[in-house]
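Dear colleague,

Here is the structure I promised to pass on to you, with the sequence alongside. Below it I have written out what I found, so that you can follow the notes with the model open.

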Amino acid sequence: MPPLTADKTMDKLVSLAKRRGFVFQSSEIYGGLGSVWDYGPLGVELKKNIKERWWRSMVHERQDIEGLDAAILMHPKVWEASGHVSGFTDPLVDCKHCKNRFRADDPRIKGTPGQPDGQCPVCGSKGTLTAPRQFNLMFKTFMGPVEEQAAVIYLRPETAQGIYVNYLNVLQSSRQKIPFGIAQIGKAFRNEITPGNFIFRTREFEQMEMQFFVKPGTENEWFGFWREERMKWVEGLGIRSGKLRWHQHGPDELAHYAKDAYDIQYEFPFGWQEFEGIHNRTDFDLSNHQKHAGKKLDYLDPKTNERFVPYVVETSAGADRTALVVLCDAYREEEVRGHEAAEGEGGGGGGDQRVVLKLKPSLAPLKAAVFPLVNKDGMPELAHRIHDDLRRHFNVFYDDGGSIGRRYRRQDEAGTPFGITIDGQSTQDQTVTVRDRDTLKQDRVAAGKLVEYLTQKLAG
Ligand code: GAP
């Protein structure tokens, strides 16, 4: 079946995400807060599975990377040293007529902002757009009880700086040697001018970042190494490879800290966009912190006795954007054929159509759902016993509401890979049927073998 293609498909995905408890608009009962989203029971599991997979591959499976969880609030001088106070800006233009705000490079703007031919993309007025001015994307807040006297501090716009300022602490306490890396998952905040596309560009989001510290002169080699590693990891999420590509930044796209950068892009329903970046940050950050903090951050190579400030190769992924990639790639609208259609079990919205999230089983929020076929004849008792047994091993769901077809359809939308049905035969011989979400095929499995059966199917 075709993947998401038209604009409408994002609306469908947003609606499914709400219906099934993946993602809700923040503060919805108050009319919502712009471009801030909350993860519901299934969304939090999906994002956690992605983050755990990242942590496992970056920290647990490698001897040369250590984990860190640095605070969101940092000394304000960090952001002067990092260049974010002066350089983390987007060019902003206002329409004096309709009061909307745009990035000056918004492709919908015709003519030149600030000139008579500059045309507002919302109200269509000509000559009402202001000339571009630089707008800093960092959120400010106050530290201390009295606002007027309190220090202005920032909500971090990237997690990376927490790693740089702790680089010596981690190096010394872990007894690592260069080359080595520090990995961190955490929230970041940006006061984006044009957020949007659901959880693609938001004002509060989570990053999964790793900074790899290397000897100057070896950074190109490591830059290549990490590009390959990261693409392998992304493919391991089960994303179709035809939907992935590299994009190298041109000189006008590079962030203020980067000498070279490659994005991994996905073909979203709204076009090709980045969801992870691999950056050669040179010694930009460590050298600047060294200068601003007045503390030496160089490294003494124990083998050669050379001193140097390490270069950094960064891998920076958005947890929310990666979750969006996974959701978009998994979303399918399908015609149901075979016995489920013949039994007229279309359910959940009619006919023989179904909406299904073909999530990689190991990423799926719920691994299996347990269904007593009917609520009598000993089936619920056996189903509860099986559910209790399974949930000690996996996140599983119990559902006895409505026809079995409707129950299957609800779990298809949730992306649950297996449906376990306890039927009349089950109470006789202690076997159950296991329905595969993607093929709709059913296996009959001994109840006592379910843990083993699911463990094998969920591997990878
Ligand atoms: N430390 C480097 C850095 O922050 P970036 O390209 O600005 O680099 C890295 O961001 C990743 O963080 C992006 O690829 C994206 O996945 C995620 N990200 C950035 N801004 C975001 C936003 N406003 N909403 C959601 N995710 C965002």
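**Notes on the backbone**

P179 sits in the loop between α6 (167–174) and β9, where helices (H or I, at least four residues) and strands (E, at least two) are DSSP runs numbered from the N terminus. A cis peptide bond, with omega about 10°, joins I178 and P179.

Before going further, please keep in mind that this is a predicted model, in which local features need pLDDT of at least 70 and side-chain atom pairs count only at pLDDT 80 or more, while totals for chains, interfaces and linings use all residues. Residues are numbered from 1 along each chain as its sequence is written, and side-chain values use heavy atoms, with hydrogens and water left out.

Two residues other than glycine have a positive phi. In F198, phi is near 60°; this residue lies in the loop between β9 and β10, and F198 counts as buried because its relative accessible area is 7%, buried meaning under 20%, exposed over 50% and partly exposed in between (1.4 Å probe, protein chains only). In Q430, which is not a glycine either, phi is about 60°; the place of Q430 is in the loop between α13 (424–429) and β22 (431–436), and with a relative accessible area of 38% this residue is partly exposed.

**The chain as a whole**

The chain has 14 helices and 23 strands, and its C-alpha atoms fill a box of roughly 75 × 65 × 50 Å, taken along the principal axes. Of its 460 residues, 50% count as buried.

E306, for its part, is found in the loop between β14 (299–300) and β15 (307–308) and is partly exposed at 36% relative accessibility; E306 and H247 are 59 residues apart in sequence and 36 Å apart in space, C-alpha to C-alpha.

**The ligand**

Which residues are closest to the ligand? The ligand is surrounded by 19 residues, and the closest are E158, E192, T202, E209 and E274; a residue is near a molecule if one of its heavy atoms lies within 4 Å of it. This shell divides into four nonpolar, five polar and ten charged residues, where Ala, Val, Leu, Ile, Met, Phe, Trp, Tyr, Cys and Pro count as nonpolar, Asp, Glu, Lys and Arg as charged, and the others, Gly among them, as polar. Strands β10 (204–214), β13 (271–282) and β16 (311–318) each supply at least two residues of the shell, and β13 gives the most, with five residues.

Several polar contacts, that is, pairs of N or O atoms within 3.5 Å, can be followed on the model. A backbone N or O atom of F275 lies 2.9 Å from an oxygen atom of the ligand. A nitrogen atom of the ligand is 3.4 Å from a polar backbone atom of F200, and a nitrogen atom of the ligand is also 3.4 Å from an N or O atom in the side chain of R281. Taken alone, the ligand exposes 560 Å², of which the protein buries 94%, with accessible areas taken from the Shrake-Rupley method with a 1.4 Å probe.

**Nonpolar cores and cysteines**

In soluble globular proteins, nonpolar side chains tend to be buried together. Here the largest nonpolar core has 56 residues, and those with the most contacts inside it are F22, W226 and L324; such a core is a set of buried Ala, Val, Leu, Ile, Met, Phe, Trp, Tyr and Cys residues joined through side-chain atoms within 4.5 Å. Helix α9 (residues 319–330) contributes the largest share of this core, eight residues. Apart from it lies another core, of 21 residues, including A383, I386, I422 and V432.

The structure holds zero disulfides, a disulfide being a pair of cysteine sulfur atoms within 2.5 Å. C95 is buried at 1% relative accessibility, whereas C98, at 24%, is partly exposed.

With best wishes

Key:
A polar contact is a pair of N or O atoms within 3.5 Å; within protein, one must be able to donate a hydrogen and the other to accept it, and residues adjacent in sequence count only if both atoms are side-chain atoms.
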